[in-house]
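Have a look at the sequence and the model, and then we'll take the pieces one by one.

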Amino acid sequence: MTAAATTPATSAPTPRRGLRLSPAALIWPAMLYLILTTQVPFFMTVYYSFFRYNLAIPGSRPFVGFANYQNLLTDPQNLHILWNTVVLAGGTLILTLIIGAALALLLNRDFPGRALLRTLLISSFLIMPVVTAVVWKNMLMNPVFGFFSWVVTGLGGHPVDWLTQYPMASVIAMITWEWTPFAMLILLTGLQSLPDEQLEAARLDGASPWQEFRYVVLPHWTQAIQVVVLMETIALLQVYGEIYGSTSGGPGVATTNLPYFIYQKAFAEYNIGLASAAGVITVILTNVLAAYMLRLLTRAGRGE
Amino acid sequence: MNRLALLALTALLSQASAVTITIATVNNPDMVTMQKLTPEFNKKYPDIQVKWVTLPENELRQKITLDVASGAGSFDIATVGAYEVPIWAKNGWLEPLTPLFGKNPDIVKSYNLADVLPGVRSALTVGGSLYAVPFYAESSMTYYNKDLFKAAGLTMPAQPTWTQIQTFASKIHNPAKGVYGVCLRGLPGWGENMALFTTMVNTYGGRWFDQGWQAQLNTPAWKNAMTFYVNLVKKYGPPGATGNGFTENLTLMSQGKCGMWVDATVAAGFLSDPSSSKITKSVGFAKAPVGTTARGNNWYWSWNLAIPKSTKQEDAAFKFLTWATSKDYIALVAKTKGTWASVPPGTRTSTYQNANYKKAAGAFSGLVLSSINSADVNKATKDPVPYTGVQYVAIPEFQALGTQVGQYLAGALSGQYTVDQALKLSQDAANKTAREGGYQK
Amino acid sequence: MQAQIRLRNALLTLVTYLIAAAFLFPLVWMFMAAFKTEAQAFATPPVFVFTPVLENFGHALGSYFPALRNSLVAAVGSTVLAFILGLPAAFALAVYPTRRAQGVLTWMLSTKFMPAVGVIVPLFLIFRNLHLLDTLPGLILMYTTMNLPLVVWMMHSYMTEIPYAIYEAAKVDGASVGQEFFGIALPLSTPGMAATALLCLIFAWNEVFFALNLTNSDAAPLSVFISQFKTSEGLFWAQMSAAATLTVLPVLIFGWIAQRQLVRGLSFGAVK
């Protein structure tokens, strides 16, 4: 907020004598905790991925080398699943950014009931994914009893079977509903720190609303957008409950993403070996993607 | 002083003798009733505390499997489906019940195993030992809406054929009015669309594997069955059939939106229940349709109670399990619910001989009993097979295979694949399963 | 001109209200279904006017309160633990950044990349061996793991925003690292802490996968409670809606009340 706030501390101060609490000692508890609770299970997963390990067939767990990985990487269907994962996360991300931005701009104006609307609008972000899936699937998108179908037939159309005819779009709509408030909140807080004078200056210069958005608001939003992109990407690549509760990954594999695929392998087939291998591949891919995104974001940030 | 010490000791002892058992069940209405009747159990066994874990079928199955396979021992009684009992028994995950009956002669007498339907019992017996007791059992049958049939001038025979079902459906189907000819399961899953579809394959003369575990999904029987199913549901089914499992179809049927429905016999009770069904007066019952052969056209399923090997409370567990599947329990449900129509069906001969039950469930009880009795897990196909099960193949890999083929079937229904493509993919999947599982020699 | 602007403003307000209505509709629809009879809940055409009934709540209430307590303990407990572990780390990484600081932060974030289902079998086995299955400490442990990277990451970004000059001044006065942490970093980042805590609570409250697989009955939170109502047999839309309403209501009310904190906190740090 102040100019000083924008420059993070870059140079480490010289250690002082008589220092009781060293900075490293402050980091270690968190590090150790995460190592124990995430790396131990992760390495067990890596270990299992080299075995033919089926929960339902006890007593036999032969070492199979890279067979599970080979199995995963040679099945052309899995490319489709990878693509679904990207479409689902990317599509939702873009939609939440657009709708969230529109809502943020609308809510940044002064009008009666603004505070109330802002409060109510975060509701869908607070809802449990299980509840979201059940309500959308049964009460909204059911082709015979659902509310949407009633609306469509009321307008003279044929009842639409959303989850079969437009499975991916339906799932994206559901998850967009959940995550838009998050994007809206972050973008709204970003807007509120935009000095009014800047906008007024632009207006005095005769800028159109679009120009105002493009040259004043958008640059100011860079960091807010970064936060939304990073946080949502991590969450959206893990989406599973909403798929489980609505389409079960179908029809066919139309809405199966990586986490749901792993779920199927682990709990419908009890094929822990293959599920573990798929988990390891997911971690590798996400890391690559995250590294790439972080670089892109820092570059975009520096570009300002 | 001494007295006091003695008192304290008795108090301590009686506290120690109180045991707690944890029971994992499916959240089906019948099992929820069992949970609500726990106080009645405690009247008989005050020293046994009961804790419940109630979840939907899939969540429960994955949870119990993880727990039992790793020997975690969280559950003292598990609700196990007919498909898993032989597999889990072979895995050594279940406590054989025969020795426990041997240890409790008084229970043997009151429980009267001979009263349990023979077919149901044999499905739960592996290598001469009983591994589970049935809570309720079901087969499949045809439901139809008499009003819609009358309006179209049709009569349902006692034993319809699938071709007749198609003809009837074509005359009733009227989507403009929100009425659909026939509602069938389309939701992919080994226990969903594949349960129904496998009975269709059986009755069209097909089988999953031959005696040498070679997949048989490329045979004409499968092609006929799939072509017929896809045509029937596409032309005369409700929109969104690939999203419809038991519940969805029950909803449709009970709201008078389907001419016919082929599904589990337990639905008879729901459709006759005025609190949720609009067609209590007009619902009709018939046997499950047949195709080219009368074998395997109706499925067999039961939910059973079993004791995982990992338990430390097998005696207390045994007491609960024999209580909850006893004749007295069935009478207790009738008493608390106020009607015999809602007792757990399909397990005991005495239920079907009971005059009150016949009166309350007369419209369908005979049909249900004969359907359950005619469903034979050991002989469900025209040609011999190396596996047991009517609508499933009792090997651990079938859950995955069945669900995968179920996805292909749903894909054929939604137009994603042609029937030939779906069958080719399914055949390859079945052979891969048999090969990797070491069944093919 | 003036009239035109006023018209445009009114139109924009209308649009805002319409979008808000669309976003709220699924929830309103669910709340309404909770007060309908089962037959009304899936009636076509939909029923908008009806006499509300309360019986669905009666059915749903059965095991609600133990689950509510478990959810509260798990959400609050894990948030507190994540803060105890995460705040010092965030502070050290922000105020005493070494060359490896960015790497540490990235690594912490990357622990969230593994889908929960990919590690559930090892976790289950570890929990079994440590006797943590179906216990609240076990659940708190997992939720802390889930939220700790978030705490470190968010609080780090708040704490780097505190002007370095303030620390310099304190150092000149001979303040120790501990004094800097408790005396400067913590008090100056309270809005950020509020926002972070809120997000942690929401995520822990809504988590279902660990809860479903690592608890049975004693420690089962609300997300497991609601799963019971997803039946495969029978028609229970109204009852399910009632249970869902009970499940989301606490976090909704809490979120609505704390919403201002969230906005204030977020505007301080991560988003300038």
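Let's start with one pair of residues in chain B: Val182(B) has Met260(B) as its bridge partner in S9(B). Before going further, a word on what you're looking at: this is a predicted model, where local features need pLDDT of at least 70, side-chain atom pairs count only at pLDDT 80 or more, and totals for chains, interfaces and linings use all residues. Residues are numbered from 1 along each chain as its sequence is written, while chains are lettered from A and ligands numbered from 1 in the order in which they are written.

Back to our pair. S8(B) and strand S9 (residues 258-264) of chain B run parallel to each other, paired over three bridges. Strands count as paired here if DSSP finds at least two bridges between them, and the element names come from DSSP runs numbered from the N terminus: helices are H or I of at least four residues, strands E of at least two. These two strands belong to an open sheet of four, in the order S8-S9-S7-S10 (chain B), and the pairing is mixed. At the edges stand strand S8 (180-183) and strand S10 (283-287) of chain B, and each has a single partner strand, so one side of each is left without a neighbour in the sheet. From one strand to the next, the twist averages 20°. Lying across S8 and S9 of chain B is helix H10 (residues 162-172) of chain B, which runs at about 140° to S9(B). For such angles, axes are lines fitted to C-alpha atoms (for helices over the stretch in contact), and the angle runs from 0 to 180 degrees between N-to-C directions. As for contact, two residues have it if their C-beta atoms, placed from the backbone, lie within 7 Å.

Chain B has another open sheet to show you, this one of five strands in the order S2-S1-S3-S11-S6 (chain B), again with mixed pairing. Its edge strands are strand S2 (48-55) and strand S6 (133-138) of chain B, each pairing on one side only. Here, too, the twist averages 20° from one strand to the next. Helix H15 (residues 314-324) of chain B packs on this sheet and touches strand S1 (19-26), S2, S3, S6 and S11 of chain B, with its direction at about 45° to that of S1(B). Inside the sheet, strand S3 (residues 77-81) and strand S11 (residues 301-306) of chain B pair in the antiparallel sense over four bridges. One spot to look for is Ala78(B), which stands opposite Ala306(B) in S11(B).

Now step back and take in chain B as a whole. It divides into domain 1 (2-131 + 301-368) and domain 2 (140-299 + 375-436), with bounds that come from an automatic or database domain assignment. Taken over C-alpha atoms, the centres of domain 1 and domain 2 of chain B are 31 Å apart. Where they meet, 13 residues of domain 1 of chain B are in contact with 17 residues of domain 2 of chain B. On the domain 1 side of that contact, helix H5 (84-90), helix H8 (118-123) and helix H18 (355-374) of chain B each give two or more residues, and H18(B) has the largest share, four residues. (Ala, Val, Leu, Ile, Met, Phe, Trp, Tyr, Cys and Pro count as nonpolar, Asp, Glu, Lys and Arg as charged, and the others, Gly among them, as polar.)

Chain C is next. Its domain assignment gives domain 1 (2-41) and domain 2 (55-268). The contact takes eight residues from domain 1 of chain C and nine residues from domain 2 of chain C. On the domain 1 side, helix H1 (2-34) and helix H2 (38-41) of chain C each supply at least two residues, and H1(C) gives the most, with four residues.

Finally, how do chains A and C meet? In this contact, 82 residues of chain A touch 82 residues of chain C. Helix H1 (residues 23-48) of chain A gives the most to chain A's side, with 13 residues. By class, the side of chain A that touches chain C has 59 nonpolar, 21 polar and two charged residues.
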